[in-house]
Structure formats: C-alpha cells, structure tokens
Amino acid sequence: MGWKGRDIISIREFSRKDIDEVLKRSSKMDKKHNKSLVGKKLSAIFFEPSTRTRLSFETAMHNLGGEVIGFNESKGTSVEKGESLVDTVKIVERYSDCIVMRNPLEGSARLAAETSSIPVINAGDGSNQHPTQTFLDLYCIKKNFGKIEGLKIGLVGDLKYGRTAHSLALGLSHYVDSLRLISPQNLSMPPHISKEISSRTKLDERTDLKLEGLDVVYMTRIQKERFPDVEEYEKTKGVYVLTKERAAKINGIVMHPLPRVDEISPEVDSLKQAKYFEQAACGIPVRMAILEMVMKG
Ligand code: CP
C-alpha cells in the first residue's frame with residue numbers, strides 16, 4: 001500500500017515492514033530535512049487536551065515549511081452550535097491537505113477518515129488508539145538500543161483505558177517474543193487486544209510491579225478522565241509508583257508517554273534510566289516523517 005493519501009487510524013493497519021519504513025524515514029528526518037511541505041496546510045483539530053501531540057505535530061509541519069490551522073477545544077467552534085463531526089471534517093478538508101484529530105470518542109478517527117478525501121491522522125480517539133505515539137515510542141526504543149527485536153519490555157499501569165498502551169502493545173508484538181503487562185486486575189489489557197497480541201507474542205500478565213529483567217519499563221498514567229465512576233479511580237490511583245530507589249535498580253530505560261501524575265517520582269528524572277523527555281522529543285522527527293509520507297509519498 002502506498003503512503004500518499006494514507007490514513008493513520010490504528011496501528012493494526014501497519015505491518016512490520018510499514019513500521020520499519022516509518023522508523024527509517026524518521027531517522028532520516030532526524031539527520032536532515034528540507035522544506036518539502038511548502039504550500040501544504042495541516043488542520044489540527046483537537047477536541048481533547050494535548051501538549052506533546054499537538055505541539056510536536058505543529059513543530060513538525062513548520063519544520064517542513066508547511067502551515068497549521070485548527071483548534072484546541074470545541075469551545076469557540078461551531079460544534080458548540082451543534083455541528084456534527086462529519087460536517088466539521090467536510091469543512092476542514094476543504095481548507096487543508098491533511099487532518100490530525102484528537103477526540104474523546106472511540107471510532108471518531110475512523111469516521112473522520114471515512115468522511116474525508118484528505119488523509120486523517122488519529123492523534124488519540126478516546127481509550128482506543130494513538131498510533132503516532134507508538135511510532136515515536138518504537139523510534140525511541142530503537143534509538144536507545146539500536147534494535148527492538150529481542151528486548152524485554154514491560155507496560156505498567158492503566159492498560160484498560162490507556163490508548164498508548166493498546167497501540168504500543170500491538171506494535172511491539174511484531175518485534176518481541178514476550179511482553180510483560182503489569183496492571184491492577186480492574187485495569188488489565190482488554191481481552192480482544194490481549195488475544196490479538198498473544199497470537200504473535202507470549203504475554204506475562206501480572207499485578208505485582210515486577211521490573212527485574214526488563215530492558216524497557218513503560219509506565220503509564222491511570223486515566224482518570226475515562227473512569228465511569230470516580231470512586232473506582234480513587235481506589236486505584238497511586239497503585240504503582242516508580243521511586244528513585246526502584247528506578248535506579250532497572251538495568252534498562254524508563255519510558256512514559258506523559259503526562260505523568262504520581263506514577264514516576266520527579267527524583268527519577270535525574271537518573272540515566274529516565275528517557276521520557278527524550279521520548280517526547282522523538283515526536284518531532286517521527287511526525288515530520290509521517291506528515292511527509294501521507295502528503296508527498
Ligand atoms: N503523549 C501524549 O499524547 O501527550 P499529550 O496528551 O500531551 O498530547
């Protein structure tokens with residue numbers, strides 16, 4: 001499948017070969033790039049808060065000479081007057097060459113892609129998927145280890161509602177023989193995703209914070225905003241905290257898609273294991289590569 005005009009909705013739609021190609025193009029962008037998107041416009045339509053995804057997409061577009069239009073919340077847009085997502089997409093596709101969208105509703109990115117004649121990039125649809133986060137996570141892992149194959153990787157925290165964990169686990173299953181999934185019982189990986197991953201990779205699902213033997217500890221935030229019942233969140237918050245003492249014993253790296261709340265102590269930031277800020281920086285070359293691929297091929 002060609003890249004020009006391609007939607008980026010779910011990591012499921014990308015083969016190992018596709019992912020490798022994105023990582024290769026990202027590495028090239030990291031070294032050298034030109035103004036390949038002069039004259040192109042990106043619509044960044046964010047119906048949910050974001051710092052990293054929105055700003056790194058904007059930076060990526062500017063770095064390539066393109067322009068960005070959009071909004072950061074539905075307040076102030078005609079959504080407030082009752083305009084549907086489909087109509088909003090039909091408008092912004094007439095103003096731009098690509099849409100990047102974050103929306104709290106699962107499946108909204110797919111609907112936008114089915115509506116739009118220009119490529120749609122899913123910047124997070126509810127608890128479902130966050131595919132460009134996975135590309136940058138894999139890029140960060142490869143940058144640190146020179147490979148992804150054979151690494152021992154553990155995903156920790158809210159694996160039920162965490163879209164970055166869903167996408168990453170699926171992406172990693174193309175590369176690793178086994179994957180450790182650490183979550184409280186009530187926040188375990190949804191069975192339909194575990195089933196899909198376990199067809200390619202052995203899963204070690206557990207509730208204790210066993211980090212021994214891991215090359216990558218991928219911490220995640222408990223997704224307070226996704227809980228239907230705030231009392232349920234209160235019972236679970238703070239369940240795993242990576243302290244400095246604990247992190248210093250890790251023979252590998254600590255990653256986190258961010259934002260963090262209390263699951264990584266700030267004292268961990270000064271350790272050599274802490275790679276989460278470097279990880280966020282990987283969003284720029286990776287999103288530059290993706291934008292160029294879907295708009296230019
Ligand atoms: N990792 C991530 O999606 O961060 P933002 O919510 O700040 O975009």
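1. L258 is placed in the loop between β9 and α10, where helices (H or I, at least four residues) and strands (E, at least two) are DSSP runs numbered from the N terminus. Its phi is near 65°, a positive value in a residue other than glycine. With a relative accessible area of 12%, L258 is buried, a word that stands for under 20% relative accessible area, while exposed stands for over 50% and partly exposed for what lies in between (1.4 Å probe, protein chains only).

2. The peptide bond that joins L258 and P259 is cis, with omega at about 5°, and P259 lies in the loop between β9 and α10 (276-281).

3. On provenance, this is a predicted model, in which local features need pLDDT of at least 70 and side-chain atom pairs count only at pLDDT 80 or more, whereas totals for chains, interfaces and linings use all residues. Residues are numbered from 1 along each chain as its sequence is written, and side-chain values use heavy atoms, with hydrogens and water left out.

4. An open sheet is formed by 5 strands in the order β7-β6-β5-β8-β9, with parallel pairing; two strands pair if DSSP finds at least two bridges between them. Because β7 (202-206) and β9 (253-255) stand at the edges with a single partner strand each, one side of each is left without a neighbour in the sheet. From one strand to the next, the twist averages 20°, with axes being lines fitted to C-alpha atoms (for helices over the stretch in contact) and angles running from 0 to 180 degrees between N-to-C directions.

5. β8 (residues 216-219) pairs with β9 in the parallel sense over 3 bridges, and V216 has I253 as its bridge partner in β9.

6. Helix α6 (residues 163-172) packs on the sheet and touches β5 (153-156), β6 (178-182) and β8, its direction making about 165° with that of β5; contact means heavy atoms within 4.5 Å. The helix is mostly covered, as 10 of its 10 residues are buried, including R163, H166 and L170.

7. On the surface, I69, I91 and Y95 form a nonpolar patch with about 270 Å² of accessible area together. Accessible areas come from the Shrake-Rupley method with a 1.4 Å probe, and for residues only the protein chains shown count as cover. Y95 sits in the loop between α3 (85-92) and β3 (98-103) and, at 53% relative accessibility, counts as exposed.

How values were computed:
Patches are made of residues with over 30% relative accessible area and no salt bridge: like charges are joined within 9 Å, nonpolar side chains (Val, Leu, Ile, Met, Phe, Trp, Tyr) within 5 Å. A salt bridge is a side-chain nitrogen of Lys or Arg within 4 Å of a carboxyl oxygen of Asp or Glu.
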